[in-house]
Amino acid sequence: MRLHSNTVYGVVHAIEEIFNEKQFADKVIERTLKSNPKWGSRDRGFIAESVYEMVRWWRLIKEISPSEDIFHLFGTYWLMQGNELPPWREFKGIDPEAIKRNYEKTYDRATLQSIPDWLDEMGSELLGKKWDKEIDTLNEQAQVVIRANTLKTTREDLMNRLKEDEIETFAPKGYKDALVLAKRQNIFRHPAFKEGWFEVQDASSQLVAQALDAEPGMRVIDACAGAGGKSLHLAALMQNKGKILSMDLEGWKLKNTKLRARRNGISIIETRVIEGNKTIKRLSNSADRLLLDVPCSGLGVLKRNPDTKWKLSPESIAEVREVQQDILQKYSNMLKPGGLMVYATCSILPSENQFQVEAFLKSEKGKEFELLEEQKVLAHESGYDGFYIAKLKRSETSS
Ligand SMILES: C[S@@+](CC[C@H](N)C(=O)[O-])C[C@H]1O[C@@H](n2cnc3c(N)ncnc32)[C@H](O)[C@@H]1O
């Protein structure tokens with residue numbers, strides 16, 4: 001593949017913003033692509049993929065590059081992909097053979113997998129032998145998975161409609177409404193998306209709403225709804241009958257939920273910003289089903305957000321764990337006695353998952369609950385994102 005200087009400069013500037021100004025990769029890529037409307041779809045694909053891959057392999061690239069000069073780093077990445085470098089002055093001083101030798105001299109897993117040392121230690125301590133395969137898989141590129149909106153179509157009709165436009169998909173076993181794109185592409189531009197026939201949602205994430213066993217007519221609370229991915233799925237499973245209260249601390253995320261609900265043909269979602277404990281207390285014993293899709297480290301979705309590993313720290317994970325336990329303790333009271341609650345994360349760390357549920361069940365509040373089922377979804381075992389899903393029942397006699 002031939003390199004073009006204007007797109008390479010686009011990549012290099014984006015990388016500088018991500019690492020020097022500590023910005024989020026997806027936002028930087030969005031801005032970079034908007035900055036030059038003349039770039040065609042190939043150019044855009046090249047920029048987005050190169051930025052994500054450089055962020056993913058940042059530590060390894062730095063380790064084997066001849067220097068920390070940004071063009072040396074890009075050149076090293078380009079050679080690592082099995083390409084050749086053009087004779088540009090920016091790439092002067094790069095010797096492909098020296099880079100290969102540097103790579104062959106690198107042995108330790110944290111550098112080879114391009115992750116911080118603390119993360120390698122934490123993963124290995126908590127996941128034991130499974131960590132090696134898990135981190136290997138989390139460094140792969142994510143597949144694009146969509147969920148058919150059954151309020152508007154069926155998975156089969158959606159598959160056929162996309163096929164008419166030469167978008168090939170396959171239906172993965174065990175995921176009722178999911179389709180996987182055979183080739184990565186920007187699917188948001190397809191008219192079926194604008195008409196609300198599907199949402200982009202990883203297959204593992206599609207297991208979360210399903211675990212809640214929500215039925216048409218029920219009153220459901222999605223307490224950490226964010227931009228509404230799971231709320232939309234719940235509404236489809238409930239055939240748009242009943243009530244879903246989608247809550248979050250951040251009002252701007254809930255605005256997105258509303259927009260997406262409209263596109264999906266959903267009328268049963270109401271949104272509410274959480275303004276403090278009062279908002280939660282007012283809803284005591286009110287929900288037949290309660291979803292706690294809590295904030296987490298995001299270590300199960302590293303394929304999609306490789307910059308997460310450079311932003312996290314053991315301290316930030318300890319902080320988010322406190323928030324998770326606090327949500328379990330305080331929000332669980334919104335569930336009616338006899339109701340079902342799902343606690344979910346997109347993390348693969350037991351410390352955010354089963355250990356949290358175990359600690360909750362041992363606590364005073366947790367005594368009202370029993371664990372019915374739990375799914376520890378690892379990326380290397382499922383082929384999709386890493387997730388944790390625990391289904392709990394509140395006893396009929398609790399108050
Ligand atoms: C994993 S994300 C939710 C993703 C969303 N459910 C979806 O499917 O698209 C966690 C959400 O929890 C919210 N959050 C953080 N702390 C919270 C709290 N104390 N109470 C409620 N929501 C909180 C965050 O703003 C974030 O949107």
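# Reading the ligand shell and the helices

Mentor: Helices α13 (229-237) and α17 (314-331) each supply at least two residues of the shell around the ligand. The model under discussion is a predicted one.

Trainee: How many residues surround the ligand, and which are the closest?

Mentor: The ligand is surrounded by 17 residues, and the closest are C224, G226, G229, K230 and D293.

Trainee: What makes up the shell around the ligand, by class?

Mentor: The shell has 9 nonpolar, 3 polar and 5 charged residues.

Trainee: Which residues does UniProt list for "binding site"?

Mentor: The unreviewed UniProt entry lists D248 and D293 under that heading. The two span 46 residues in sequence, yet their C-alpha atoms are not more than 10.5 Å apart, so they gather at one spot.

Trainee: Why is D248 called buried?

Mentor: A residue is buried if 20 or more other C-beta atoms lie within 10 Å of its own. D248 has 21 such atoms within 10 Å, so it is buried. D248 belongs to strand β6 (residues 243-248). Apart from neighbours within four places in sequence, its contacts include C224, G226 and K253.

Trainee: How do you know that D293 counts as buried?

Mentor: The threshold is again 20 or more other C-beta atoms within 10 Å. D293 has 24 C-beta neighbours inside 10 Å and therefore counts as buried. D293 is part of strand β8 (residues 287-293). Leaving aside neighbours within four places in sequence, D293 is in contact with V208, D222, C224, K230 and A344.

Trainee: Which residue does UniProt list for "active site"?

Mentor: The unreviewed UniProt entry gives C346. C346 sits in the loop between β9 (335-345) and α18 (354-362).

Trainee: What makes C346 count as buried?

Mentor: With a cut-off of 20 or more other C-beta atoms within 10 Å, the value for C346 settles the matter: there are 26 C-beta neighbours inside 10 Å, so C346 counts as buried. Beyond neighbours within four places in sequence, its contacts are C296, G298, G300, V301, D385, G386 and F387.

Trainee: How do you know that the buried residues of α8 lie on the same side of the helix?

Mentor: In α8 (residues 117-127), L119, M122 and G123 are buried. They cover an arc of only 95 degrees around the axis, which puts them on the same side of α8. These buried residues pack against α9 (130-138), α16 (308-311) and α17.

Trainee: Which exposed residues does the face of α8 turned away from its buried side carry?

Mentor: That face carries D117 and E125. Just after α8, G128 takes a positive phi of about 55 degrees.

Trainee: Why is helix α5 called mostly covered?

Mentor: Of the 11 residues of α5 (residues 70-80), 9 are buried. Among them are F71, F74, Y77 and W78. The buried residues of α5 pack against α1 (5-20), α3 (41-56), α4 (58-64) and α6 (96-104). After α5 comes G82, with a positive phi near 85 degrees.

Trainee: What phi does S114 have, although it is not a glycine?

Mentor: S114 has a positive phi of about 55 degrees. Most residues other than glycine have a negative phi. S114 is in the loop between α7 (109-112) and α8. S114 has 20 other C-beta atoms within 10 Å, and the limit is 20 or more, so S114 is buried.

Trainee: Why does Q239 count as partly exposed?

Mentor: Buried requires 20 or more other C-beta atoms within 10 Å, exposed 12 or fewer, and partly exposed lies in between. Q239 has 13 C-beta neighbours inside 10 Å and therefore counts as partly exposed. Q239 is placed in the loop between α13 and β6. Its phi is positive, about 55 degrees, although Q239 is not a glycine.

Trainee: Which domains does the domain assignment of the chain give?

Mentor: The assignment gives domain 1 (5-106), domain 2 (145-200) and domain 3 (206-394). The centres of domain 1 and domain 2, taken over C-alpha atoms, are separated by 32 Å.

Trainee: Which residues does the UniProt annotation "domain: SAM-dependent MTase RsmB/NOP-type" cover?

Mentor: In the unreviewed entry, that annotation covers residues 134-395. Over residues 134-395 the chain is 34% helix and 24% strand, and the end C-alpha atoms are 36 Å apart.

Terms used:
Residues numbered from 1 in each chain as written. Predicted model: local features only at pLDDT ≥ 70, side-chain atom pairs only at ≥ 80, totals over all residues. Domains from an automatic or database assignment. Near = placed C-beta within 6 Å. Helix = DSSP H or I, 4+ residues; strand = E, 2+ residues; numbered from the N terminus. Nonpolar A, V, L, I, M, F, W, Y, C, P; charged D, E, K, R; others polar. UniProt positions renumbered as here; feature names shortened; annotations may be inferred. Contact = placed C-beta atoms within 7 Å. Arc of directions from axis to C-beta.
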